Amino acid sequence: MTEVAETAVVYPGTVIGDGCKILDYAVVGKQPTLSPRSTAKREELPPLELGAGTIVSTGAVVFAGTTVGERVIVGDQSCIRERCSIGDDVVLGRGSFVENDTSVGALTKIQAHAY
């Protein structure tokens, strides 16, 4: 059964797999807001996809345009930017940050506060 905390923000279109947990104050499916000087493409991104059994922990933010595999743990206050691909069974430690356009292979463990 999928669980979404009352304080979590789930943006429209976000695809949430079976058995996911989105915990307190997490934000999922957010479109990025770019600075006027940004060189990134200014286009609407496809919805975020969270694989079955994934946990988005307290205060974490996962942007639109990203695909997160099955059984991933996104630690408290972590962030996954847009256009990322996160493999199955990945652990992102507390406060870690995955920059845009990054791929993380299956079974990878990223330690707390890593960039």
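## Exercises on a strand-built chain

S57 sits in the loop between strand 7 (55–56) and strand 8; strands are DSSP runs of E with at least two residues, numbered from the N terminus, while helices are runs of H or I with at least four residues. This is a predicted model, in which local features need pLDDT of at least 70 and side-chain atom pairs count only at pLDDT 80 or more, while totals for chains, interfaces and linings use all residues. Residues are numbered from 1 along each chain as its sequence is written, and side-chain values use heavy atoms, with hydrogens and water left out.

**Exercise 1.** Decide whether S57 is buried or exposed, and list what it touches.

*Solution.* Step one: recall the cut-offs, where buried means under 20% relative accessible area, exposed over 50%, and partly exposed in between (1.4 Å probe, protein chains only). Step two: S57 has a relative accessible area of 8%, so it is buried. Step three: leaving aside residues up to four places away in sequence, S57 touches L23, A26, I73, V74, G75 and D76; contact means heavy atoms within 4.5 Å.

**Exercise 2.** Find the strands that pair with strand 5.

*Solution.* Step one: two strands pair if DSSP finds at least two bridges between them. Step two: strand 2 (residues 9–10) runs parallel to strand 5 (residues 27–30), and 2 bridges join them. Here V10 has V28 as its bridge partner. Step three: strand 5 also pairs with strand 8 (residues 61–63), in the parallel sense, over 3 bridges. V28 stands opposite V62 in strand 8.

**Exercise 3.** Work out the order of the open sheet of 5 strands and say which strands stand at its edges.

*Solution.* Step one: the order is 3-6-9-12-15, with parallel pairing. Step two: strand 3 (15–16) and strand 15 (103–104) each have a single partner strand, so one side of each lacks a neighbour in the sheet. Step three: look inside the sheet, where strand 9 (residues 67–68) and strand 12 (residues 85–86) are joined by 2 bridges. One of the pairs is T67 with S85 in strand 12.

**Exercise 4.** Describe the whole protein chain.

*Solution.* Step one: the protein chain has 0 helices and 16 strands. Step two: its radius of gyration is 13 Å, close to the 13 Å that the globule rule gives for 115 residues, so the chain is as compact as a globular protein of that length. The radius is taken over C-alpha atoms, and the rule is 2.2 Å times the number of residues to the power 0.38. Step three: buried residues make up 37% of the 115 residues.
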